[in-house]
Number of protein chains: 2
Amino acid sequence: MARPAYVAIDWGTTSFRLWLVGDDGSVLGERRSGEGMTTAATTGFASVLASHLEAVSAPSGLPVIVCGMAGAKQGWVEAGYLDVPSPLSAIPSAAVKVPDATADIRILPGLARRDAAHPDVMRGEETQLLGAVDGLTGKALVCMPGTHSKWVEVADGSVTRFSTYMTGELFHAIGRHTILSHSIADAQAFDGTNAAFRQAVTDAIRNPALATNLLFGVRSGMLLHGIAATDAKARLSGILIGLEIAGALDEAPPGTPVTLVASGALGALYESALDTAGVEPVVIDADTAVRAGLAVAARTIWPG
Amino acid sequence: MARPAYVAIDWGTTSFRLWLVGDDGSVLGERRSGEGMTTAATTGFASVLASHLEAVSAPSGLPVIVCGMAGAKQGWVEAGYLDVPSPLSAIPSAAVKVPDATADIRILPGLARRDAAHPDVMRGEETQLLGAVDGLTGKALVCMPGTHSKWVEVADGSVTRFSTYMTGELFHAIGRHTILSHSIADAQAFDGTNAAFRQAVTDAIRNPALATNLLFGVRSGMLLHGIAATDAKARLSGILIGLEIAGALDEAPPGTPVTLVASGALGALYESALDTAGVEPVVIDADTAVRAGLAVAARTIWPG
């Protein structure tokens, strides 16, 4: 049986995920909680960590590798940014050590694009990338959908450029805090096979400048044509995802291969949206990617 | 001295404006309040109207002409829609009479674009148009900025097509309910001379597909380049207005003359934004336009 080698943590804004990893790479224990940066900034990062280490019976003094918002300015210890272009292999050695801790705890840095006309930042996704790019050669676009979707241009193991789209956050803000909230109030779950979703993706890609008009069309369509609430919600999602895809594909040479790093329903939705755009992505599970990235970092920092 | 001839009302979602108009067209009394449709649907439209009529000492039985959300399904009496294309002169005769009222009260209809791929509605703006198009010949684009900005194609007194952009509502929803709320929390007032506003308009027009990436750039720009809160807010506004202008100008033949129906600070902001797009609009005051439109309707319905 494997012996505990290190602890890997993905510490986001509102989520905390921990894996106890064995010396053969196997997962010996796992924890998921809502104690993200926002909570931990109040209750204390060290005590949140300690409670989860105890819950998985981690031997004391085990090294801990952390990615995500724990390294933000408002987080535990600020881990700064690596400026792009940068090789992903430079990430582990730029990790910041948590001072005065009872174990060797390292927090990985984010990435920054300092281009004055297109400033951008990521924190957490760089570790997914580190785990996902193994085997990617040449130039590729990596799509990492979510609250703040990232589209990353990777060339031979280096990040050359990336852009964030506020898709997920806009979906929630518009769905909850505009007139469209009435149109989607009674919506059921939908997926990428929904025809209204696919049509909306197509519409937004064809005419991205009409995006906020297409959004109002969700309401007009309900008033004039009785669009069902579920289709209205699917359409809201499709407009925003289509707009994102239009922008991301615009920025890359036609035919650039796309890797989609995502999980579950959101991943399936993006696969469908990309399909309407004629793109067939390589799909990598996001959870697997972040664990693989943390493993690469751990192996680099603690080669023993 | 002029004698009271009729009462004109612009009854919006959240605002109520009433003018007591004399037989020579002069304004004999005016009321403004927050008792829009939302409030009046609870307190009663008839009693809200009665209290304001009393406040301007309107003679009892004076005819009343109303435009706006009072004619919506959730309003006082549903006044339906005229389908476009439609001559604006058809609006007055499509007014709906409030039943069982102590006076002749008419509510003007909205306009609907039933095009299945681009459904759209307006209610209230058609009356501004009726007042604004006097003297417009040939084809023109009329821009009516606001919570739901309207861009209307008018040809020889007829509305041929129109599109709504959710610009104003998105500005508030994004500014209050996304991560950008932190970036703009300390913003001061800004106007169309703000360089960040004008740059954002230019950026969005140049690359509308990047709209939600430009939005995230407001935050990244603050993190990486220390953009001031006021410039961040100006940039948020400029991205959304620029996106709207990009879409609206895309839909019309190049060089189509633009009429801007707007008032105050918002009008000045749109004048500046249109200027960055190389468009010099004819400007008509929105308050004047709605009163003129209600006057045209009153003269048509009650020619005596």
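**Reading a helix and a sheet in chain B**

Modeller: Let's start where α6(B) begins: a side-chain oxygen of N194(B) comes within 2.7 Å of the backbone nitrogen of A196(B). This is a predicted model, where local features need pLDDT of at least 70 and side-chain atom pairs count only at pLDDT 80 or more. Residues are numbered from 1 along each chain as its sequence is written.

Colleague: What span does α6 of chain B reach from its first C-alpha to its last?

Modeller: Helices here are DSSP runs of H or I, at least four residues, and strands are runs of E, at least two. α6(B), residues 195-206, has twelve residues and reaches 16 Å, close to the 16 Å expected at 1.5 Å a residue. That expected span is 1.5 Å times one less than the number of residues.

Colleague: Which residues of α6(B) are buried?

Modeller: An α-helix has 3.6 residues a turn, so residues three or four places apart point the same way. In α6(B), A196(B), F197(B), A200(B), V201(B), D203(B) and A204(B) are buried (under 20% relative accessible area, with exposed over 50%, using a 1.4 Å probe and protein chains only). Down the axis, they fall within an arc of 165°, so they line one face of the helix. On the other side, A195(B) and R206(B) are exposed.

Colleague: What do the buried residues of α6(B) pack against?

Modeller: They pack against α7 (211-225), α8 (229-250) and α9 (264-276) of chain B.

Colleague: And the sheet: what is the order of its six strands?

Modeller: Strands of a sheet pair through backbone hydrogen bonds, either parallel or antiparallel. In chain B the open sheet runs β3-β2-β1-β4-β8-β7, with mixed pairing. β3 (27-33) and β7 (96-97) of chain B stand at the edges, each with a single partner strand, so one side of each lacks a neighbour in the sheet.

Notes
Chains are lettered from A and ligands numbered from 1 in the order in which they are written. Side-chain values use heavy atoms; hydrogens and water are left out. Two strands pair if DSSP finds at least two bridges between them. The arc is that of the directions from the helix axis to the C-beta atoms. Contact means heavy atoms within 4.5 Å. A polar contact is a pair of N or O atoms within 3.5 Å; within protein, one must be able to donate a hydrogen and the other to accept it, and residues adjacent in sequence count only if both atoms are side-chain atoms.
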